[in-house]
Amino acid sequence: MVGPGVVLEGLTKTWHGPGGPVAAVKGIDVSIPRGETVALLGPNGAGKSTTIDMLLGLARPDRGTVSVLGRAPGDAVAHGLVGAMLQAGALIRDLSVRELVTMFAGLYPNPLEVDDAMRLAGLDAVASQRTQKLSGGETQRVRFALALASNPELLVLDEPTVAMDVEARRGFWRAMREFASRGKTVLFATHYLDEADQNADRIVLMAQGRIVVDGPPTEVKARVGTRTIRATLPDVPAAELEQLPGVTAVTRHGASVTLVCSSSDEALRILLGRYPDARDLEVTGAGLEDAFVELTRDAA
Amino acid sequence: MTGLTYLRYELRRTFRNRRFFVFSLGFPIALFFMIAGPNRHTHDFGGSGLSAPLYYMVGLSSFGTMMAMVSTGARIAGERQVGWTRQLRVTPLSSRDYLRAKVVTAYAMAGLSVASLYVSGAILGVSIPVGKWIQMTILIAIALLPFAALGIFLGHLLNVDAIGPATGGTVTVLAFISGTWFPVNSGFFHAVGQFVPSYWLVQAAHVPTNGQPWGTRGWADVLVWTAVLVGAAGYAYRRDTGRL
């Protein structure tokens, strides 16, 4: 479906807490067409949740405008066009999982079949359990089922995988992509680059209340997706390793070296070919936090 | 019909809560038999002009129903704590349907409390014509209006830790000065008691003997309290949720 999905213009919000004012969002512009899946990526305190609160009508912007499917946020919510899985939160007690999903679906004009929502969220096994007896991961899945049950045009997920283990995450994202493939618009917040990369058409990278990068995952990865290779490799000068393709910097601590890479795949291939005695290899994604700090320094 | 769906499940989960049955229903019944049982042949209890069973049937109904009404506050505070109130705000459920469900649920619990005390009263020999039962029940329902608002007010104002002492303390003090435990016919508490809405709740017991126990004073008192607490509840709800 073509048409305006989400349009944020000049959005600004400052919270007034006991520690003084905190400028959470400092004037952002985002336009998401219908049917697109967009990741809002950023470290804690980047302004992701505040942006989502304004998008859902839970917070009023100090300046700027929000339009959701051509309507004001509250209006879109009242028409049942928006489904949301908010950050954190538990469930009300004394209902079974199926009853809770059924009740929630009943609040919307055009809900999914309860069975469909339960299946998508992987809840068939716990359908008759009381909500207060669920594990943290199951609770998250129920909250996802509630958002799905509303069968919204716009699905908003604020750090949805926080309490989930690896397998649960995989199932969750599979379900999200299946739902998105029905022509729905999805906006999710995360602080994991991998999640954003694998599940979004586009990444909006936020740091310190501003948008730093807005583009396809490849573009964002090129800016922040550095990886580090660590290895035990005595007797090779750091300066020599720095010459390897894909390597940007090298540090040495005794027998172990750390290579900061722009392309770890390429560097690793050459490294193993040229130094067969390299041991204890470890490849890790560089902390996004570090990348954000770099990027915001660039932006300032 | 979104509001009715919400109401139906709100009732269902409230009645599954065992603590409610113990404290809001069981406790007043147990007290009733403990206090009124030994005095069941007292015909003018404490100068009230009422038999002890009738007096305590209504007195403990007042206590049980007040508890039932303000326990809405505890449920609301609990829902706020787990983020459920916020979750509901991003659904099409309107403020009116939300608040209506809370009030109707509170009245349903209060209705059970009254009915269980009526049955207990009948067991101890309270016998009133059907018309008087109905009239008395209507007065009790009206006198509970301020308490419906009080529950919503406190629930959206206080957190989970504060709500228990706040509602329990409020109801206990009001019950005491209103004559729930024993008749308060004179003195300081009598003077103060007439200004609180629960006093008129207890006075509903006089329906079987003199028909109209409130008079202008009682009606005015109940209506003013209703207006004040509905205003306060609306304020707390708006402040808490940011809704209009």
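Q: How confident is the predictor in the complex, by ipTM and pTM, and in chain B, by mean pLDDT?
A: For the complex, the predictor gives an ipTM of 0.83 and a pTM of 0.81. In chain B, 98% of the residues reach a pLDDT of 70 or more, and the mean pLDDT of the chain is 86.

Q: Which element of chain B has the lowest mean pLDDT?
A: Among the elements of chain B, α7(B) has the highest mean pLDDT, at 93. Where pLDDT is low, the predicted coordinates should not be read in detail. With a mean of 72, the element of chain B that has the lowest value is helix α11 (residues 207-210).

Q: Are α3(B) and α7(B) roughly parallel or roughly antiparallel?
A: Helix α3 (residues 52-81) of chain B and helix α7 (residues 145-157) of chain B pack with their axes 7 Å apart, at an angle of about 25°. Because angles under 35 degrees count as roughly parallel, the relation of α3(B) to α7(B) is roughly parallel.

Q: What is the make-up by class of the contact of α3(B) with α7(B)?
A: The crossing of these two helices, α3(B) and α7(B), is right-handed. Residues that make the contact include Met66(B), Val70(B) and Ile76(B) of α3(B), together with Phe147(B), Leu150(B) and Leu154(B) of α7(B). By class, the contact has ten nonpolar, six polar and no charged residues.

Q: Are α3(B) and α5(B) roughly parallel or roughly antiparallel?
A: The axes of α3(B) and helix α5 (residues 95-123) of chain B come within 8 Å and cross at roughly 155°. Since angles over 145 degrees count as roughly antiparallel, α3(B) and α5(B) are roughly antiparallel.

Q: How many charged residues does the contact of α3(B) with α5(B) have?
A: In a right-handed crossing, α3(B) passes α5(B). Among the residues that make this contact are Leu54(B), Met57(B) and Leu60(B) of α3(B), and Lys102(B), Met109(B) and Leu117(B) of α5(B). Alongside 13 nonpolar and eight polar residues, the number of charged residues is one.

Q: What share of the residues of chain A count as buried?
A: The secondary structure of chain A comes to eleven helices and 13 strands, and its C-alpha trace spans about 70 × 45 × 45 Å along the principal axes. Of the 300 residues of chain A, the buried share is 44%.

Q: Is Met176(A) buried or exposed?
A: Met176(A) lies in helix α6 (residues 166-180) of chain A, and it touches Val186(A) and Asn199(A), not counting residues up to four places away in sequence. Because 26 other C-beta atoms lie within 10 Å, Met176(A) is buried.

Terms used. Residues are numbered from 1 along each chain as its sequence is written. Chains are lettered from A and ligands numbered from 1 in the order in which they are written. This is a predicted model: local features need pLDDT of at least 70, side-chain atom pairs count only at pLDDT 80 or more; totals for chains, interfaces and linings use all residues. Axes are lines fitted to C-alpha atoms, for helices over the stretch in contact, and angles run from 0 to 180 degrees between N-to-C directions. Helices (H or I, at least four residues) and strands (E, at least two) are DSSP runs, numbered from the N terminus. Angles under 35 degrees count as roughly parallel, over 145 as roughly antiparallel, 65 to 115 as roughly perpendicular and the rest as oblique. A crossing is left-handed if the near helix is turned anticlockwise from the far one by less than a right angle, and right-handed if clockwise. Two residues are in contact if their C-beta atoms, placed from the backbone, lie within 7 Å. Ala, Val, Leu, Ile, Met, Phe, Trp, Tyr, Cys and Pro count as nonpolar, Asp, Glu, Lys and Arg as charged, and the others, Gly among them, as polar. pLDDT is the predictor's confidence in each residue, from 0 to 100. A residue is buried if 20 or more other C-beta atoms lie within 10 Å of its own, exposed if 12 or fewer, and partly exposed in between; C-beta atoms are placed from the backbone.
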